[in-house]
Amino acid sequence: MRLVVVGNGMAGSRVVSEVRARDKDVKITAFGAEAWQPYNRVLLSNVVAGTSSPDQVRLLDPRWYADHGVTARLGVPVIAIDRDCQTVVAADGTREPYDVLVLATGSEPVVPPIPGVERATAFRTLDDCERIREAATSARSAVVVGGGLLGIEAARGLAGRGVPVTLLHLAGHLMERQLDEEAGLILRETLGALGVAIRTGVTVSAIRERHVELAGGELIDADLVVLACGVRPVVGLARDAGLEVERGVVVDDEMRTDDPSIFAIGECAQHAGRVYGLVAPGWEQASVVADLVTGADKGARYRGSRLVTRLKARSVELAAMGETQLTEDEAEIVRFSHRHTGTYRKLVIREGRLVGAILLGETSAVGTLTQLFDRGGPLPGDRTGLLFPDLAGVGGAAVADSPTRMPDSARVCQCNNVTKGQIRACWESGARNVEAVAAATKATTGCGSCRDAVEGIVGWLCEQEGVSA
């Protein structure tokens, strides 16, 4: 069978590795528009900040393709799909036939149509990071446009390099899709203490030579302007091929398009009316496609994802999940706020089950709450214990950050769906450190927020057996 994967980012490279893990004989060709080998886009803010190099965020070893018999066409975008001949046409004029085609074309940054926007740099790829880092070495001031996840991470990264940075956001508070107004205010104050000046409720009207102009004429100094105004699915290839496209490429529970030989996964795919912009759903979708393509599990289906958003900015701990915007009239709300310490914790409970949560500041409760959110099971009566597991019992709920009390069924790595039991089994098979566990299970290779938990489990297991980690 000939498998062609268009897109070699986090979703595309994942389906390639998942297929190869299940079947050694499938002929695989992967096209990537970027010349880089696949890398962890989630960790790009670390590259901007200078705490990670491009090599440290790559997903596959440089020799992986050759070692696993995969043809990788890096830096070669696909420009057309010939469905009648089941062939893709690359930008260099080559044609590659397929029996199965997987579209993993991802998203592209939204660039506002304002005067001077060509002076700004989008924050989306490793090449963007390189441009931002180079400009930051001489910049006396920087502006980041957009107060979502990427914008905050970019601003924090620049501030960490010592560049005075102002974050501009159209909405009334930061991360308005994930946070309520109070959480947005506390996050703003936390970032302000880290050197990020923030302006919300403002509109950028133009980008000048050394300034950003706001509606109304106010000028803000900026030698460097970074755009983080959101992303949109890359669907032109699918649309030109006549596939059904709405906001994303429309797929069913098998991740198939309306052409049964073509699948779509990741940020370009629209499943049940929803386009996911996080890592974990794309990787779950890749696993389903790999099962179906190889026949490893012909009953595999994707049923949607329950999302947990983690902010990856140094010195800022934030997790948000589910329906965070419901009011007291719509749900039971349990809330603790302490602005002086930058702490905000909120539970949203409906019919005795956790349907949303915000954790800002010290997040020791995130493991427990993520498990309860994932399972959708009934909550213990002690709501306070859920917010403060270190200070009170939690009525039988597993405390995820305590390896001794965490059940083997507890999911430690959300991105890769790795449980404590899998980590234990991996350790018992000889993996005695985090790197070995990561190689075997892929835990820690997504957003990286589970690394402390994995280290804790490995350390605990080694201590129990009296061996060195």
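Mentor: Buried means under 20% relative accessible area. Keep that cut-off in mind for this predicted model.

Trainee: Which way do the side chains of strand 10 point, and are they buried or exposed?

Mentor: In a regular strand the side chains alternate between the two faces of the sheet. Strand 10, residues 142-145, has A142 and V144 pointing one way, with V143 and V145 pointing the other way. Each of these four residues is buried.

Trainee: Which residue stands opposite V144, and in what sense do the two strands pair?

Mentor: V144 faces L167 of strand 11. Strand 11 covers residues 165-169 and pairs with strand 10 in the parallel sense, over four bridges.

Trainee: What does strand 10 do with strand 16?

Mentor: Strand 16, residues 224-227, also pairs with strand 10 in the parallel sense, again over four bridges. Here V145 is the residue opposite L227.

Trainee: How many disulfides does a search of the whole structure find?

Mentor: A disulfide is a covalent bond between the sulfur atoms of two cysteines. The search finds zero. For C268, the nearest cysteine sulfur belongs to C415 and is 18 Å away. C268 counts as buried because its relative accessibility is 0%. For C462, the nearest cysteine sulfur is that of C426, 11 Å away. C462 is buried too, at a relative accessible area of 2%.

Trainee: Which residues does the UniProt domain annotation cover?

Mentor: The unreviewed UniProt entry annotates residues 412-458 as "BFD-like [2Fe-2S]-binding". In the model, that span is 53% helix and 9% strand, and its end C-alpha atoms lie 12 Å apart.

Conventions: Residues are numbered from 1 along each chain as its sequence is written. This is a predicted model: local features need pLDDT of at least 70, side-chain atom pairs count only at pLDDT 80 or more; totals for chains, interfaces and linings use all residues. Side-chain values use heavy atoms; hydrogens and water are left out. Buried means under 20% relative accessible area, exposed over 50%, partly exposed in between (1.4 Å probe, protein chains only). Two strands pair if DSSP finds at least two bridges between them. UniProt positions are given in the numbering used here, feature names are shortened, and annotations may be inferred rather than shown by experiment. A disulfide is a pair of cysteine sulfur atoms within 2.5 Å.
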